[in-house]
Amino acid sequence: MKSLTRAAAAALLALAGAIAVPGAAHATPLCDQPVPPPACGDQDPDPDPGPIDTPPRGALDAVTFTGNGVRVEGWAADGDTAASLQVHVYIDGTYAGSTVANTYRADVAAVYPYFGAYRGYEAVIPAKHGSHTVCAYAINVTPSGATPTGNPQLGCRTYNAPAISNIVSFHNGQQWMISFDDNVIGETGFTVRWDYWVWYTIPGTHERVQTPRYWTYTLPAHEGTGRVTMPDQRTINATRLTVTAPGFGGASTTDLY
């Protein structure tokens with residue numbers, strides 16, 4: 001009987017030794033699994049991106065030649081500042097001047113109420129007659145610590161303003177008159193040239209040919225810009241009329257009646 005008891009006790013001890021006792025758990029976070037978000041250290045799952053630069057908005061609405069410059073009109077605003085923006089103007093790719101966007105524009109406020117109404121700009125920038133391209137740029141205000149987005153272009157427009165245009169010679173019932181558009185400021189006067197022809201008899205023959213001639217005279221300067229109408233000294237057999245503002249340019253017409 002004692003032998004049986006000892007055998008049973010030995011079997012129980014062997015069974016107890018075969019059973020493993022679990023130790024303390026050591027969990028490893030699965031940081032590559034997005035759901036649910038793991039707690040891998042102290043990192044912020046949605047870090048603050050920091051200051052962001054919002055580009056200005058606006059437009060170049062109109063460009064009008066004024067005789068010695070161009071009037072630029074438009075609006076500009078920047079969501080990063082409540083201050084009025086600087087607007088720089090370039091003509092044919094060259095810096096020509098600047099203005100500030102601080103005039104009243106109810107239409108801007110109606111579409112962008114958070115910008116307010118005083119976001120318009122209007123200024124005359126020195127410019128010459130002829131055909132030129134005008135571009136406007138809003139000067140960006142960058143928050144501290146943000147990466148600048150640059151100065152956006154508000155638009156470009158082209159104007160064509162010859163020194164002299166729309167020349168007309170007409171008879172008012174009493175005398176010949178000349179009329180034209182003066183598009184420049186500061187001229188000292190105008191030079192009028194009439195091209196005409198006369199009959200010329202070839203010596204020793206009775207054959208006559210038309211021979212070209214021309215003559216010129218001057219007209220006084222005109223204050224400002226606009227339509228100029230003055231008495232003319234038109235010749236007979238006229239073929240071409242040319243009006244020039246010395247130092248600025250001129251124009252011609254053959255549409256004579």
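Thr-253 counts as buried because its relative accessible area is 13%, where buried means under 20%, exposed means over 50% and partly exposed lies in between (1.4 Å probe, protein chains only). This residue is found in strand β15, strands being DSSP runs of E with at least two residues and helices runs of H or I with at least four, both numbered from the N terminus. The model is a predicted one, in which local features need pLDDT of at least 70 and side-chain atom pairs count only at pLDDT 80 or more, while totals for chains, interfaces and linings use all residues. Residues are numbered from 1 along each chain as its sequence is written, and side-chain values use heavy atoms, with hydrogens and water left out.

**Surroundings of Thr-253**

- The side chain of Thr-253 reaches the backbone nitrogen of Asp-255 at 3.1 Å, a polar contact being a pair of N or O atoms within 3.5 Å in which, within protein, one must be able to donate a hydrogen and the other to accept it, and residues adjacent in sequence count only if both atoms are side-chain atoms.
- When residues up to four places away in sequence are not counted, Thr-253 touches Ile-167, Arg-240 and Leu-241, with contact meaning heavy atoms within 4.5 Å.

- Four strands form an open sheet in the order β12-β11-β14-β15, with antiparallel pairing; two strands pair if DSSP finds at least two bridges between them.
- The edges are held by β12 (208-219) and β15 (249-253), each of which has a single partner strand, so one side of each is left without a neighbour in the sheet.
- On average, neighbouring strands of this sheet are turned by 20° against each other, direction ignored, with axes taken as lines fitted to C-alpha atoms (for helices over the stretch in contact) and angles running from 0 to 180 degrees between N-to-C directions.
- Strand β11 is joined by six bridges to β14 (residues 238-245), and the two run antiparallel; Trp-194 has Leu-241 as its bridge partner in β14.
- Asp-195 lies in strand β11 (residues 190-201) and counts as buried because its relative accessibility is 15%.
- The side chain of Asp-195 makes a polar contact with the side chain of Arg-193 at 3.0 Å, and, leaving aside neighbours within four places in sequence, Asp-195 is in contact with Arg-213, Tyr-214, Asn-237, Ala-238, Thr-239 and Arg-240.

**The loop between β14 and β15**

- Phe-248 has its place in the loop between β14 and β15, and it is partly exposed, with a relative accessible area of 27%.
- The C-alpha atoms of Phe-248 and Lys-128 are separated by 8.8 Å, although these residues are 120 residues apart along the chain.
- Neighbours within four places in sequence left aside, the contacts of Phe-248 include His-129, Ala-163 and Val-184.

**The three-stranded sheet**

- An open sheet of three strands has the order β9-β10-β13 and antiparallel pairing; its edge strands are β9 (164-171) and β13 (226-231), each of which pairs on one side only.
- The twist in this sheet averages 15° from one strand to the next.
- Six bridges join β9 to β10 (residues 176-182), which run antiparallel, and Ile-164 stands opposite Asp-182 in β10.

- Strands β1 and β2 pair in the antiparallel sense over eight bridges and form a hairpin with three residues between them, where Gly-67 in the turn has a positive phi of about 115°.

**The chain as a whole**

- The protein chain has two helices and 15 strands, and 32% of its 257 residues count as buried.
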